[in-house]
Amino acid sequence: RYALGSRWLYILDCSKIVDCTLKPQNGCSLDFYHVRMARDETRLRQLQDLLVSLKAESPQLKLSKTPAAESADAPFPITLTISVPAPTSVSRYDVYHLDIKVTVSNRVLTDPPPSDAVTVAVVNEDLPKQLCSAISKRLHSTWLTAAAGVGPSSSSSSSSSGFGLRDVVQKAHVDFLQLVT
């Protein structure tokens with residue numbers, strides 16, 4: 001809704017209302033908000049499409065979002081939890097899986113997303129904290145590279161959108177042995 005002739009502009013954005021005082025000195029314009037909201041809505045749809053495709057590719061992936069009653073930024077944060085099993089060729093190691101938790105904040109919608117828009121944590125209780133921390137840093141580095149659009153799937157829609165979440169999951173699967181050693 002737009003209140004014409006008023007000093008307030010109300011824009012419905014992803015089930016929440018964002019308001020902005022229209023004052024001549026702040027340069028706020030209706031066109032700016034149309035562009036910003038359309039871009040955010042497009043990126044939100046891209047993120048949703050990516051999450052749906054990741055869930056289809058990896059049935060063990062669990063997704064959770066924050067209910068609107070708990071956060072003004074709902075559905076953010078969105079949490080992806082996956083248990084990556086060790087490849088069968090890694091039988092001589094005593095690490096049988098990696099439990100990975102990826103938390104996506106609403107800042108991932110910005111282009112490019114800031115480094116703290118996504119957090120990656122390895123939450124295996126049976127692994128030393130130092131190893132979990134090192135693996136988390138390597139997976140987060142993978143996300144940073146992919147979100148910048150220079151990762152291995154930079155030609156795909158997930159990385160060109162700046163999300164790079166698929167790259168984190170693939171890295172955990174493909175480089176399991178390198179991550180745990």
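A: One term is needed at the outset: two strands count as paired if DSSP finds at least two bridges between them. With that in place, β5 and β6 pair in the antiparallel sense, over five bridges. Please keep in mind that this is a predicted model.

Q: Which residue in β6 is the bridge partner of Thr103?
A: Thr103 has Thr119 as its bridge partner in β6.

Q: And how many helices and strands are in the chain?
A: The chain contains five helices and six strands. Read from the N terminus, the elements follow the order β-β-α-β-β-β-β-α-α-α-α.

Q: What is the strand order in the open sheet of four strands?
A: The order is β3-β4-β5-β6, and the pairing is antiparallel. The edges are formed by β3 (62–64) and β6, each of which pairs on one side only. From one strand to the next, the twist averages 15°.

Q: How many bridges join β3 to β4?
A: Three bridges join these antiparallel strands. Within β4, Thr79 is the residue that stands opposite Ser64.

Q: Which helices pack on the sheet?
A: One of them is α2, which touches β5 and β6; its direction makes about 150° with that of β6. Another is α4, which is in contact with β4, β5 and β6 and whose direction makes about 20° with that of β4.

Q: Back to β6. Which residues are on its covered face, and which on the uncovered one?
A: Val118, Val120 and Val122 make up the covered face of β6, whereas Thr119 and Ala121 lie on the uncovered face. Thr119, the partner of Thr103 mentioned above, is therefore on the uncovered side by the division of β6 into a covered and an uncovered face.

Q: What does Val104 touch, leaving out residues up to four places away in sequence?
A: Val104 touches Leu47, Phe76, Pro77, Ile78, Leu80, Ala117, Val118 and Leu165.

Q: Are Arg45 and Glu41 buried, exposed or in between?
A: Arg45 is partly exposed, at 44% relative accessibility. Glu41 is likewise partly exposed, with a relative accessible area of 38%.

Q: Which parts of the chain does the pair of Glu57 and Arg166 link?
A: The side chains of Glu57 and Arg166 meet in a salt bridge of 2.8 Å, N to O. Glu57 lies in helix α1 and Arg166 in helix α4, 109 residues apart, and the pair links distant parts of the chain.

Q: Buried or exposed: what of Arg166?
A: Arg166 counts as buried because its relative accessibility is 13%, and the cut-off for buried is under 20%. Glu57, at 48%, counts as partly exposed.

Q: What is the partner of Asp116?
A: Asp116 forms a salt bridge with Arg107, whose closest N and O atoms are 2.7 Å apart. Asp116 is partly exposed at 44%, and Arg107 is partly exposed at 38%.

Q: Last, the chain as a whole. What share of the 181 residues is buried?
A: Buried residues make up 38% of the 181. The accessible surface comes to about 10,600 Å², with 55% of that area belonging to carbon and sulfur atoms. Among contacts between residues at least 6 apart in sequence, 46% join residues at least 24 apart.

Terms used: Residues are numbered from 1 along each chain as its sequence is written. This is a predicted model: local features need pLDDT of at least 70, side-chain atom pairs count only at pLDDT 80 or more; totals for chains, interfaces and linings use all residues. Side-chain values use heavy atoms; hydrogens and water are left out. Contact means heavy atoms within 4.5 Å. Buried means under 20% relative accessible area, exposed over 50%, partly exposed in between (1.4 Å probe, protein chains only). Helices (H or I, at least four residues) and strands (E, at least two) are DSSP runs, numbered from the N terminus. Axes are lines fitted to C-alpha atoms, for helices over the stretch in contact, and angles run from 0 to 180 degrees between N-to-C directions. A salt bridge is a side-chain nitrogen of Lys or Arg within 4 Å of a carboxyl oxygen of Asp or Glu. Accessible areas come from the Shrake-Rupley method with a 1.4 Å probe; for residues, only the protein chains shown count as cover.
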